[in-house]
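This report is meant to be read alongside a sequence and its three-dimensional model. Please keep both in view while reading.

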Amino acid sequence: MHTQTPDLDLIQLVLAGNSAMYAQLVERHQNFVFTIVLRYLKSREDAEEVAQDVFVKAYRSLADFKGTSKFSTWLYTIATTSSLSFLRKKKVEVHSLDDERIFAAADIIDSGLRANGIEQKSRIAMVTEAIKMLSVDDAQIITLFYKGEQTLEEIAQIVNKEPNAVKVQLHRARTRLKEKMQKHFAAEVKDIY
Amino acid sequence: MNNSSLQNSPLEHGDIEARLWEYIDGLSTETSAIEILVRENSEWKAKYTELLEVHQLMGKTELEHPSLRFTKNVMDEIARFQIAPATKKYINTKIIWGLAAFFIAIIVGFLGYGVSQIDWSAADSSSSALGVDLGAVDYSRMFDNSIVNGFMMVNILLGLLLLDRFLNMKRKAYREEGYRA
């Protein structure tokens, strides 16, 4: 059975001079870092540039990683701050809850899903699209919790908030996600809600 | 277990959801009570089924994928860089201690000099609560002295040099940090 080398072991190897091992860390975390960045920046090109920069920054600061938290938690913190810095520099407008373009996109997705029928895959796609319609903060918290395997305490560290505030925000994000699904994917969710 | 109060009390819809989410997330402090409610109360059961399905769907959502060249691009990029030494290694604590020692030495020096200038024989112990007649201290003698003035100037210059060096180091460290973060 193939077992993954733990992140900390790979980091030790990289710090010892075996920089090629860093590729494994990149492979392991790239999708998640890219997703987190894409929550902030809607352009895939910009998100790829920032995500790449996140890994370069993490590499250069690797000696500062103390191992008191998970490498992923540290990495996602860099991803969050890098995305915000990029937005500040470029003054890119963050999509709001009432962005008309999102609603227009939702209608297209909605009709596509209807055409494809209500299968499990479509439902997953529907939830994925509904998450994209949430505010950046809500989408990020749901992504970190469900896909990043981060605890509430770790998410609190990443977003620089208290764990209790994160818990409340997660609950509200899920409520808003439900509202989005009911509003934009009414036909698909009628047997869920 | 007594769940009658839980079952009989009228609960807000949102309250049921909040408690069920806590239960689903494994954060609930009333696990067994909720288990019974989900089993016996149709409203709770329906809501639980609904939330559990959403919970499972959220867990199955797919992550975005960057381009296939992503890892190669990162590796090409990092080949141009070295791993920076840990921050604590390049902030020299000797400088911090040097500055502290410098200022303490100045304070102690001035106090010592001031005390040495007091005319103890002229002091009247009854004239002051401290037992020292502060009026008897000739302050003008302390600063009207070319040696003392020279000493102060040298100290100030040294202090400014040390401060400049310290601030330069901090600025470099800050820039480095800003570049890396």
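The sections below treat one chain as a whole, the contact between two chains, and then selected parts of the other chain. The model is a predicted one.

**Chain B as a whole**

Chain B contains 9 helices and 0 strands. Read from the N terminus, its elements follow the order α-α-α-α-α-α-α-α-α. Of the 181 residues in chain B, 30% are buried. When contacts in chain B between residues at least 6 apart in sequence are considered, 71% of them join residues at least 24 apart.

**The contact between the chains**

Chain A gives 50 residues to the contact and chain B gives 42 residues. Together the two chains bury about 4,400 Å², and carbon and sulfur atoms account for 61% of this area. There are 6 salt bridges across the interface of chain B and chain A. The number of residue pairs in polar contact between chain B and chain A is 14, counting pairs with both residues at pLDDT 80 or more.

Which elements of chain B give two or more residues to the side that touches chain A? They are α2 (13–25), α4 (42–60), α5 (70–78) and α9 (146–180) of chain B. The largest share of this side, 9 residues, is supplied by α4(B). Sorted by class, the side of chain B that touches chain A holds 19 nonpolar, 11 polar and 12 charged residues.

**Helix α9 of chain A**

Helix α9 of chain A covers residues 163–184, which makes 22 residues. At 1.5 Å a residue, the helix should span 32 Å, and its end C-alpha atoms are 31 Å apart, so the two values agree. Several residues of α9(A) are buried, among them V166(A), L170(A), L177(A) and K178(A). K178(A) also takes part in a salt bridge with E17(B), in which the side chains meet at 2.6 Å, N to O.

N160(A) is found in the loop between α8 (152–159) and α9 of chain A. Is N160(A) buried or exposed? Its relative accessible area is 70%, so N160(A) is exposed. N160(A) has a positive phi of about 60 degrees, although it is not a glycine. Most residues other than glycine have a negative phi.

V159(A) belongs to helix α8 of chain A. V159(A) has 19% relative accessibility and therefore counts as buried, since the cut-off is under 20%. Leaving aside neighbours within four places in sequence, V159(A) is in contact with Q140(A), L144(A) and V166(A). In sequence V159(A) and T80(A) are 79 residues apart, while in space their C-alpha atoms are 7.5 Å apart.

**Q150(A) and its partners**

Q150(A) is placed in the loop between α7 (136–146) and α8 of chain A. With 3% relative accessibility, Q150(A) counts as buried. Beyond neighbours within four places in sequence, the residues in contact with Q150(A) include K70(A), Y76(A), F145(A), I155(A) and I158(A). L144(A) is also one of the residues that Q150(A) contacts. The side chain of Q150(A) makes the polar contacts listed below.

| Side chain | Partner side chain | Polar contact |
|---|---|---|
| Q150(A) | S72(A) | 3.0 Å |
| Q150(A) | T73(A) | 2.6 Å |

Methods. Residues numbered from 1 in each chain as written. Chains lettered and ligands numbered in written order. Heavy atoms only, no water. Helix = DSSP H or I, 4+ residues; strand = E, 2+ residues; numbered from the N terminus. Expected span 1.5 Å × (residues − 1). Buried < 20%, exposed > 50% of the residue type's maximum accessible area, 1.4 Å probe, protein only. Contact = heavy atoms within 4.5 Å. Buried area = accessible area lost by both parts, 1.4 Å probe. Salt bridge = Lys/Arg side-chain N within 4 Å of Asp/Glu carboxyl O. Polar contact = N/O pair within 3.5 Å; in protein donor to acceptor, adjacent residues only side chain to side chain. Nonpolar A, V, L, I, M, F, W, Y, C, P; charged D, E, K, R; others polar.
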